[in-house]
Amino acid sequence: ASCQVGIINGLSGWVASVDDSPADTITRRFRYDVALVSALKDLEEDIIEGLSKCGLEDSACTSGFSVMIKESCDGMGDVSEKHGGGPPVPEKAVRFSFTIMSISILADGEQEEVTIFREPKPNSELSCKPLCLMFVDESDHETLTAVLGPVIAERNAMKQSQLILSMGGLPHSFCFHFRGTGYDEKMVREMEGLEASGSTYICTLCDSTRADASHNMVLHSITRSHSENLERYEIWRTNPFSESAEELRDRVKGVSAKPFMETQPTLDALHCDISNATEFYKIFQDEIGEVFQRPKPTREERRGWRAALDKQLRRKMKLKPVMRMNGNYARRLMTKEAVDVVCELVPTEERREALRELMELYLQMKPVWRATCPTNECPDQLCQYSFNSQRFADLLSTAFKYRYNGKITNYLHKTLAHVPEIIERDGSIGAWASEGNESA
């Protein structure tokens, strides 16, 4: 009944190294089960209230609660000390966290589970509880796996067991379901043993190559999974058919490292936004320079178009140019207003029409993968999604063929090909995004 919550040093037992980053400063973490207990205790009132709302007595639920957990993990860029004399640590950090998404219960004698708690703001930094903070570069696979190894071990132990915890004075049992969805593509590829994002195997959900994805933009289904990645890694490692490197790579579809952690194959809504906005920003430049007429412009010409675009956006929309596309800029750029402003610089009317239609379709599609609950928030757009994405793909392969002949960006492929299937499976994409972790 008493909850002792202590911070556990994720590297207890390691000796401080003579390296430039002392090991005793590398990570701080909570024990996973203790952190979950603490998070559930915070929700105690909501759980009791949810039970009474559903007309369930405390005694009616002997089978226990089932808790759905979203896991997120992301690298944090520059965290160097600005003016201090602390211990020397690497300039980058990684944050691993979880969010309790929903708690449901199977009442005695019932067939259907009843949800008694659902996180109203699944992407808020307030609902996103930190589990582990590490001074590690997310690209340093060895150190990252060493530090996260124990977290994974605890998570696996909890999958098989039940937690007994008192709620409202009575002991209840809880079982946990973990879904790692709050990862950006870079992290997913690292955790699941896939090649980096520039690979010809463009997708973390299906086996499509970049050329396939640009010819057939819409019709793909989700085939990758953690267990399959593990099998493929074994084939890659043992090469049972004694194939050449090329043939082998084609057989395992780009799985060339051991999958370290199970992630749920999904699409990260925030990075999807950012990546697609970056792509539109480039299309805008190409249209200002009429690249469809002359395929190989010089660096100087491109720089000129970019300067013109930035100047126009700053003058008309108060949008300051950014070094790297971020969420806020992406949201402002992907609007009808922005496309009208850009169209003032596009020379011919038919190209303006194409651009406007492209943006209009995108704005119809976007709420579907941004909404926390698309069936309630944008049912019409959800119904039309496949139709819109087909039309969007047609536009890309006709009016914008100069950009999408044999190539397409990873997130654009996912936006066009996988969104309806993920929503059918999970009910939402936006709710499972990495934003909470990102903003925290």
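The legends below describe close-up views of a predicted model. Local features need pLDDT of at least 70 and side-chain atom pairs count only at pLDDT 80 or more, while totals for chains, interfaces and linings use all residues. Residues are numbered from 1 along each chain as its sequence is written, and side-chain values use heavy atoms, with hydrogens and water left out.

**View 1. Domain 1 and domain 2.** The protein is divided into domain 1 (7-182) and domain 2 (195-439), with bounds from an automatic or database domain assignment. Taken over C-alpha atoms, the centres of the two domains are separated by 30 Å. In contact (heavy atoms within 4.5 Å) are 25 residues of domain 1 and 19 residues of domain 2.

**View 2. The largest pocket.** This pocket has a volume of about 1400 Å³. On a 1 Å grid over the protein atoms alone, a pocket is an open set of points with protein on both sides within 12 Å along at least five of seven lines, whereas a cavity is a set of points where a 1.4 Å probe fits but cannot get out; lining residues have an atom within 4 Å of a point. Grid points are joined across faces, edges and corners, and a volume is the space filled by probe spheres set on the points. The lining of the largest pocket has 48 residues, and His 271, Ile 274, Ser 275, Arg 324 and Met 325 are the closest to its centre. Domain 1 (7-182) and domain 2 (195-439) both contribute to this lining, so the largest pocket lies between them. Helix H8 gives the most, with 10 residues; helices (H or I, at least four residues) and strands (E, at least two) are DSSP runs numbered from the N terminus. By class, the lining of the largest pocket divides into 13 nonpolar, 14 polar and 21 charged residues. Here Ala, Val, Leu, Ile, Met, Phe, Trp, Tyr, Cys and Pro count as nonpolar, Asp, Glu, Lys and Arg as charged, and the others, Gly among them, as polar.

**View 3. The second largest pocket.** Its volume is about 420 Å³. Of the 19 lining residues, Met 101, Ser 102, Arg 118, Asp 426 and Trp 432 lie nearest the centre. Strand E4 supplies the largest share of this lining, three residues. Each of domain 1 (7-182) and domain 2 (195-439) provides at least three residues of the lining.

**View 4. Packing of helix H1 on helix H3.** Helix H1 (residues 32-42) packs with helix H3 (residues 141-159) at an angle of about 65°, and their axes are 9 Å apart. Axes are lines fitted to C-alpha atoms, for helices over the stretch in contact, and angles run from 0 to 180 degrees between N-to-C directions. From H1, Tyr 32, Asp 33 and Leu 36 meet Val 151, Glu 154, Arg 155 and Met 158 of H3. The contact of H1 with H3 has four nonpolar, no polar and three charged residues.

**View 5. The largest cavity.** A search of the whole structure finds two cavities of 30 Å³ or more. The largest cavity has a volume of about 60 Å³, and its lining includes Arg 224, Ser 225 and His 226. By class, this lining has three nonpolar, five polar and two charged residues.

**View 6. The second largest cavity.** About 50 Å³ of space lies in this cavity. Among its lining residues are Tyr 183, Asp 184, Tyr 411 and Lys 414. H4 and H16 each supply at least two residues of this lining.
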